[in-house]
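The sequence and model come next, followed by the text.

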Amino acid sequence: MKKQLKILFLASEVVPFAKTGGLADVAGALPAALKRLGTDVRLVLPLYRVVREGRFGLNPIFRDLKVPLAEDEIVAGVQETRTGDGVPAYFIEREDMFDRPNLYGNSLGDYYDNLERFSFFSHAALRAIEKLSFKPDLIHCHDWQTGPVPALLKGPYGGVPGLGKIPCVFTIHNLGYQGLFPAEKLSVTGLPREGFFSSEGLEFWGKISLLKAGIVYSEAITTVSPAYATEIQTPEYGMGMEGVLGYRSKVLYGILNGVDYRLWDPSSDSHIPANYSRQDMSGKRLCKERLMRETGLDPGLREKPLLGMISRLDLQKGLDLLLNILDDLLAMNVGLVVLGSGDERIQDAIQQAAARSPGQVRIEIGFNESLAHRIMAGVDLLLIPSRYEPCGLTQMYALKYGTVPVVRATGGLKDTIVQFDLKARTGNGFKFLPYEPEAFLEAIAKAVRLFQYQEAWKTLMLNGMEADYSWDRSARSYLELYRTVISESSLRGNRI
Ligand code: ADP
């Protein structure tokens, strides 16, 4: 029998404790799936105000963790609880760092001291391991906030018994967030200039990049889909990191995120007006009718395709393409429901455009979990024209709901959506490649044409509903990678 692995997850947000995006979903669901596979997995994250106020049953276990920060040593607490899935979670407590209204910043921008906050968090996590009876075989770090950890293990903590030789896997959830800070603040990280601040190290065009630290100093790097793993090694998608990622390509893996079907399954979803499944699709029609009524769309459009979009309003998500083709879409006599929150300028632009045709287009601004489910079930087509998409979750949810995705063929969208082939009756959606309004419109037009042929459309929906992107499969891939990294680094005596 294989030895039970001990894995420590370091992440700056984890469902159900604190969330701003997909990272939290992954850092919540993956440990639970790993635990189901027999791994002893535990979490470390900051004790934010939302956690303190969230009634998670925290218990203090240390009050006097000594943590270096720049030239000082400051004291932190550690509190402990378990997730609903029974995964132990440790919280680094330090009010002046983490007891704030938000996780990373406010409407004016990032908090001015994020370098201090996440360098501190990285050191504190390592110091906590020293005091815990839990000795991980591997540390799994996520995104720039935990990038210092692999570097610290190769530098100042390298000789610490029981700690210095722990290998790291680093996961990039979105290359757009690079953890950039001024070079003169390097001492805050506790890393020496020599051996670290260079183009082979964490320097990125004269700045510190904590994301690059994670990429350079970890034993293996993963990202959240195979296609994105390839794309980020090219200038088009690499955001300046393509060189270092190419250099590390032998240890760069793409592992697709999973879906939590306990939350996203039309046969059990409590947010939607009628449940349905592959065996009995009748509820989907009711979901569409109710959604049209709820959003005030013209009932005369009931037999026409209803299009939806559920998205952060960010340049990444391709909303400029949607705005560009809005008039043509309306001319096709379809309905459209958009749910989004984020960039105010994008909000204003789509609200203005939609105001001209209230019976045909409805824009809902804000973050609304329940409405997201009702849209997912109620629309016929889900539009995802992203500029880039590390994995993307909404297209995978859409498949399960018999909602046909129209996606740009990039990243995880490219990996999960297969163009429908009318003759062979294979495929699960529609794809386009050039980031151009015409290409997007043409893909939608194809879908709208097929919608008239209800039998073919039903095959397309059922093809999508068959897909299984449960976390179990992804967790097995991570487990295999952990085992490879652990055995290779013990062979090498953990020197990279
Ligand atoms: P990203 O992490 O880049 O935002 P993903 O597709 O990976 O994109 O994940 C987006 C998640 O956020 C999905 O669960 C989606 O349903 C949800 N979501 C996005 N915008 C909203 C919104 N305005 N209201 C509710 N849920 C939203």
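The largest nonpolar core has 100 residues, and those touching the most other members are Ile92, Phe120, Leu126, Ile139, Ile215 and Tyr482. A nonpolar core is a set of buried Ala, Val, Leu, Ile, Met, Phe, Trp, Tyr and Cys residues joined through side-chain atoms within 4.5 Å; buried means under 20% relative accessible area with a 1.4 Å probe, protein chains only. Helix H4 (residues 114-131) gives the largest share of this core, 9 residues. A second, separate core holds 78 residues, among them Val337, Ala377, Leu383 and Phe451.

The model is predicted: local features need pLDDT of at least 70, side-chain atom pairs count only at pLDDT 80 or more, and totals for chains, interfaces and linings use all residues. Residues are numbered from 1 along each chain as its sequence is written, and side-chain values use heavy atoms, without hydrogens and water.

Phe451 also belongs to the buried residues of helix H16. Of the 15 residues of H16, 11 are buried, so this helix is largely enclosed by the rest of the structure. Helices (H or I, at least four residues) and strands (E, at least two) are DSSP runs, numbered from the N terminus.

An open antiparallel sheet has 3 strands in the order S10-S12-S11; strands pair if DSSP finds at least two bridges between them.

| Strand | Residues |
|---|---|
| S10 | 180-182 |
| S11 | 203-204 |
| S12 | 207-209 |

S10 and S11 are the edge strands, each pairing on one side only. S10 and S12 are joined by 3 bridges, and Phe181 has Ile208 in S12 as its bridge partner.

Conventions:
Buried < 20%, exposed > 50% of the residue type's maximum accessible area, 1.4 Å probe, protein only.
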